[in-house]
Amino acid sequence: MKIVVDEKKYKRLALLGRIALFGSLGILLAGLLLTLFGPQLGLLTPENSSLFFILYLIILLVGFTASRVGFHYGNRYLAPTRPDMVLRESLKGLDRKYALMLFAQPTNYMLIEPGGVTVFVVRNQEGKIIYKDGKWKRKESLLRFWFGRDEPLGDPTADITEELRKVNRALTEKLPTLKIPLRGIIVFSNPKAVLDVEPSPIAVLRAEDLKDYLRGAGKLKELPNSLQRKVREALGAPELPRPET
């Protein structure tokens with residue numbers, strides 16, 4: 001499998017992650033220092049105590065909000081369990097006709113296959129995750145909700161639908177007369193996740209099952225080489241490898 005990474009885009013996102021993460025820690029540290037040393041520095045007096053505590057609460061609120069943003073970027077672009085690393089590891093061993101496109105246009109996580117195009121949304125949350133009646137829910141404690149490093153589960157179905165729309169638009173613009181097989185897969189990478197998922201139009205898989213699915217039950221019928229080349233060109237993927245002799 002060929003892996004293509006838009007390094008410029010990835011480095012920009014990773015930098016934003018570092019700025020948000022360390023910036024939020026700096027704000028929270030400032031709040032702590034204000035609490036510890038405010039009275040000694042004369043910042044807290046009986047006359048301004050109300051203003052002091054209002055300022056302190058504002059710092060905490062801003063710091064907490066920034067920390068959630070920092071964890072969001074950190075989980076997606078800095079952590080060892082970030083989606084691109086999960087996909088690299090899970091898809092390792094696919095043959096040369098596959099190309100994993102990371103942080104490229106029009107979507108961050110996309111696999112060019114011999115039979116079409118697959119778009120991924122990756123979630124790393126742990127705990128019980130439920131999909132029922134078209135809605136996603138995650139059971140978690142209030143303590144984890146407020147102080148855990150996980151980002152909210154959100155709506156993976158809505159996210160993958162949006163990413164599919166972007167890829168479909170790109171294919172339609174470049175190949176308006178062709179119908180290219182296009183699908184999405186929602187991937188859960190945390191081994192501590194307990195999935196309770198009813199049948200869905202979009203496949204929902206654990207990361208460790210992804211490669212077997214693509215080779216087995218989810219294998220797409222291979223397209224003619226001429227069409228594979230057009231798909232790769234339209235999406236900026238490497239050229240189709242020549243047959244081995």
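User: How far apart are the closest N and O atoms in the salt bridge of Glu 89 with Lys 92?
Analyst: This is a predicted model, where local features need pLDDT of at least 70, side-chain atom pairs count only at pLDDT 80 or more, and totals for chains, interfaces and linings use all residues. Residues are numbered from 1 along each chain as its sequence is written, and side-chain values use heavy atoms, with hydrogens and water left out. A salt bridge is a side-chain nitrogen of Lys or Arg within 4 Å of a carboxyl oxygen of Asp or Glu. Between Glu 89 and Lys 92 the closest N and O atoms are separated by 3.2 Å.

User: Is Glu 89 buried or exposed?
Analyst: Buried means under 20% relative accessible area, exposed over 50%, and partly exposed in between (1.4 Å probe, protein chains only).

User: Which residue forms a salt bridge with Asp 159?
Analyst: The structure holds 7 salt bridges. In this one the closest N and O atoms are 2.4 Å apart, and the partner of Asp 159 is Arg 123. The pair links distant parts of the chain, 36 residues apart: strand S4 (residues 116–123) holds one partner and helix H5 (residues 156–174) the other, where helices (H or I, at least four residues) and strands (E, at least two) are DSSP runs, numbered from the N terminus. Asp 159 is partly exposed at 31% relative accessibility, while a relative accessible area of 6% belongs to the buried Arg 123.

User: What is the distance, centre to centre, between the rings of Phe 103 and Tyr 109?
Analyst: Rings of Phe, Tyr and Trp (its six-membered ring) pair if their centres lie within 6.5 Å; planes under 30 degrees apart count as stacked, over 60 as edge-to-face and the rest as tilted. The whole structure has 6 aromatic pairs. Phe 103 and Tyr 109 make an edge-to-face pair with 65° between the planes and, centre to centre, 5.6 Å.

User: Which of these two has the relative accessible area of 1%?
Analyst: Tyr 109 is buried, with a relative accessible area of 9%. The 1% value belongs to the buried Phe 103.

User: Which strand gives the most residues to the positive patch?
Analyst: Patches are made of residues with over 30% relative accessible area and no salt bridge, with like charges joined within 9 Å and nonpolar side chains (Val, Leu, Ile, Met, Phe, Trp, Tyr) within 5 Å. The positive patch is formed by Lys 128, Lys 132, Lys 135, Lys 137 and Lys 139. Strand S5 (127–132) and strand S6 (135–139) each give two or more residues to this patch. With 3 residues, the one that gives the most is S6.

User: What is the relative accessibility of Lys 137?
Analyst: Lys 137 is found in strand S6. Lys 137 counts as exposed because its relative accessibility is 55%.

User: What is the relative accessible area of Leu 32?
Analyst: Leu 32 lies in helix H1 (residues 7–37). A nonpolar surface patch of about 450 Å² is made by Leu 32 with Leu 29, Leu 33, Leu 36 and Phe 37. Leu 32 is partly exposed because its relative accessible area is 44%.

Key:
Areas by Shrake-Rupley, 256 points an atom, 1.4 Å probe, with all protein chains shown as cover. Lys, Arg positive; Asp, Glu negative; His and termini not counted. Charge placed at Lys NZ, Arg CZ, Asp CG, Glu CD.
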